Amino acid sequence: NSFAGRNVVSSVEYNNVGASNRASVLAMGGSEDDPLQTTFVRFKGPAAQKTFLLAHGEDNNLGDTPTPTLNKFAAFELLRSIFALTNQNTAPPVTTDTELIWSFEQVDERNVNARLRIASYLNAQSDSLYFDAKNRAVSFADYTLTMKRID
């Protein structure tokens, strides 16, 4: 909704897939409210999107020393999204692969500076140039964020 600037989402659901399913979350001590790695969004118009978390990781060893740094943290998520029309339109679904790369640095007790890089990749399902890209990102968007704790 915030991206569109208005209410366009009808519903959001978590999907049971592979190892990321409700039964395995509950078996590991999680709850019914814990998120799963795959979401399904229905829009108010004739469209829907399914997003899969393909990989994720983190690193808190970002300093010049081999020991973990307490005030710095980096993480990434690799996502595949499939957007499709849900009416009688025969247009094929659009598949996108995106990597979100985050770095955070705590400045003091109330402030955190962060950077976000969004890397977009081609995929074989939706782009004939996929093999030319050789699994490298084809576009980047960089953001700088300043976050402040509010009470």
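Colleague: What should I know about the model before I dig in?
Modeller: It's predicted, so local features need pLDDT of at least 70 and side-chain atom pairs count only at pLDDT 80 or more, while totals for chains, interfaces and linings use all residues. Residues are numbered from 1 along each chain as its sequence is written, and side-chain values use heavy atoms, with hydrogens and water left out.

Colleague: Okay, how many helices and strands does the chain have?
Modeller: Two helices and seven strands. Helices (H or I, at least four residues) and strands (E, at least two) are DSSP runs, numbered from the N terminus.

Colleague: And what pattern do they follow along the sequence?
Modeller: Reading along, you get β-α-β-β-β-β-β-α-β. The chain is more spread out than a compact globule, because its radius of gyration is 19 Å, well over the 15 Å that the globule rule gives for 151 residues. That radius is taken over C-alpha atoms, and the rule is 2.2 Å times the number of residues to the power 0.38.

Colleague: What box do the C-alpha atoms fill?
Modeller: Roughly 55 × 45 × 35 Å, along the principal axes.

Colleague: What share of the residues is buried?
Modeller: 21% of the 151. Buried means under 20% relative accessible area, exposed over 50%, partly exposed in between (1.4 Å probe, protein chains only).

Colleague: Let's get local. Where is Asn123?
Modeller: In the loop between strand E6 (111-121) and helix H2 (130-133).

Colleague: Buried or exposed?
Modeller: Asn123 counts as buried, because its relative accessibility is 2%. Its side chain reaches the backbone oxygen of Thr95 at 2.8 Å. Leaving aside neighbours within four places in sequence, Asn123 is in contact with Arg80, Thr95, Thr96, Asp97 and Tyr130.

Colleague: What about Tyr121, which polar contact does its side chain make?
Modeller: One with the side chain of Glu99, at 2.7 Å. By polar contact I mean a pair of N or O atoms within 3.5 Å; within protein, one must be able to donate a hydrogen and the other to accept it, and residues adjacent in sequence count only if both atoms are side-chain atoms. Tyr121 is in strand E6, and beyond its neighbours within four places in sequence, its contacts include Asp97, Asn135 and Val138.

Colleague: Asn135 came up there. What's its phi?
Modeller: Positive, about 60°, although Asn135 is not a glycine. Lys134 also has a positive phi, about 55°, and is not a glycine either. Most residues other than glycine have a negative phi.

Colleague: Where does Lys134 lie?
Modeller: In the loop between H2 and strand E7 (139-148). Asn135 has its place in the loop between H2 and E7 too.

Colleague: Is that pair buried or exposed?
Modeller: Lys134 counts as exposed at 61% relative accessibility, and Asn135 is exposed with a relative accessible area of 59%.

Colleague: Last one: where is Ser103 found?
Modeller: In strand E5 (residues 94-106). Ser103 counts as partly exposed, at 22% relative accessibility. Neighbours within four places aside, Ser103 is in contact with Phe73, Ala74, Asn113, Ala114 and Arg115.

Definitions and conventions:
Contact = heavy atoms within 4.5 Å.
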